[in-house]
Amino acid sequence: FESPSWTMAGLRKVELVEIMRQSPDQVMFTEILNRARRGKLTQTDVDNLRTHSLSSAEGVDFALFYGGPSVDEWNNSKMALLDEPAQFLESNDVLMDAVTKQTTTPIPYGFKAPYAAPKTLMLKVGARVNITRNIYTGFGEYREMIHPNGEMGFVTQINEDVSQVWVEEECADGSRGEEYSVYKYAFRKNQRKKINSHPAVYIRNQIPLAPAFARTIHKSQGSS
């Protein structure tokens, strides 16, 4: 935005200060969600939410928290209740020279891994998960997204030998949809630190899934 091209384009800045697409009730609900995301709910907010609560939550097993640590704690507790054995999927990490494309492993000290993918992913059959990257099929002009980032599902099979996980899609009405397989994805993070005086990229190949018995309110707003 510091480029002189923006000035030369003669653009006119317009600031939108009034919400036009939502009714007053919807605006109030949006403001409540924003306060909940920051952990700043008032008693009035809680009372307003309770007037819109479901008469029955039978079959609903999902929680929302405003902070990531609470989500992790809830996910871990729910995962522990599953009878299936835990299976551990290890990532394959390399450091790539962005100029020569040569890779180095193990990773030298001081380089930072992509935050969206764990070194070790623990899953169980029956675990509720969400996809952490868009999944595509085809190539070039025939490339098509078939499962978007954030889509929910349930693990049905795990093959540690080939790093493959089968997931059954969770539909909006709570029913189960199609079953599909998920393979490792190359998560990338550009590094400030250089390798051989060249820009470096940390590449972590890991299954793009995460436990999803709970989510942060912020992430749920982005998925709605």
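What is the volume of the second largest pocket? About 680 Å³.

**Before you start**

This is a predicted model: local features need pLDDT of at least 70, side-chain atom pairs count only at pLDDT 80 or more, and totals for chains, interfaces and linings use all residues. Residues are numbered from 1 along each chain as its sequence is written, and side-chain values use heavy atoms, with hydrogens and water left out.

**Stop 1**

Helices (H or I, at least four residues) and strands (E, at least two) are DSSP runs, numbered from the N terminus. Two strands pair if DSSP finds at least two bridges between them.

Select β4, β3, β13 and β12. In that order they form an open sheet with antiparallel pairing. β4 (103-104) and β12 (185-195) are the edges; each has a single partner strand, so one side of each lacks a neighbour in the sheet.

Now show β3 (residues 92-97) with β13 (residues 198-206). Six bridges join this antiparallel pair. Asn92 has Asn205 of β13 as its bridge partner. Asp93 faces Arg204 in β13.

Move to β3 and β4. Two bridges hold this antiparallel pairing, and Leu95 stands opposite Thr104 in β4. Five residues lie between the strands of this hairpin, and Lys101 takes a positive phi near 70°.

**Stop 2: β2 and β5**

Select β2 (residues 87-90) together with β5. They run antiparallel and are joined by four bridges. Gln87 sits opposite Leu123 in β5.

Buried means under 20% relative accessible area, exposed over 50%, and partly exposed in between (1.4 Å probe, protein chains only).

**Stop 3: Ser163**

Pick Ser163, in the loop between β9 (152-159) and β10 (164-170). Is Ser163 buried or exposed? Ser163 is buried, at a relative accessible area of 13%. Leaving aside neighbours within four places in sequence, Ser163 is in contact (heavy atoms within 4.5 Å) with Leu89, Val182, Tyr183, Lys184 and Ile207.

**Stop 4: aromatic pairs**

How many aromatic pairs does a search of the whole structure find? Two. Rings of Phe, Tyr and Trp (its six-membered ring) pair if their centres lie within 6.5 Å; planes under 30 degrees apart count as stacked, over 60 as edge-to-face and the rest as tilted.

Select Phe65 and Trp74. This pair is tilted: 5.8 Å centre to centre, with 55° between the planes. Phe65 is partly exposed at 23% relative accessible area, and Trp74 is partly exposed at 31%.

Then select Tyr185 and Phe187. They pair edge-to-face, at 5.0 Å centre to centre and 70° between the planes. Tyr185 is partly exposed at 33% relative accessibility, whereas Phe187 is buried at 1%.

**Stop 5: the second largest pocket**

A pocket is an open set of points on a 1 Å grid over the protein atoms alone, where a 1.4 Å probe fits, with protein on both sides within 12 Å along at least five of seven lines; lining residues have an atom within 4 Å of a point. Grid points are joined across faces, edges and corners, and the volume is the space filled by probe spheres set on them.

Select Ala116, Thr132, Ala210, Pro211 and Lys219. Of the 24 lining residues, these lie nearest the centre of the second largest pocket. Next, colour α4 (68-81), β5 (120-123), β14 (209-211) and β15 (214-216): each supplies at least two lining residues. α4 gives the most, with six.
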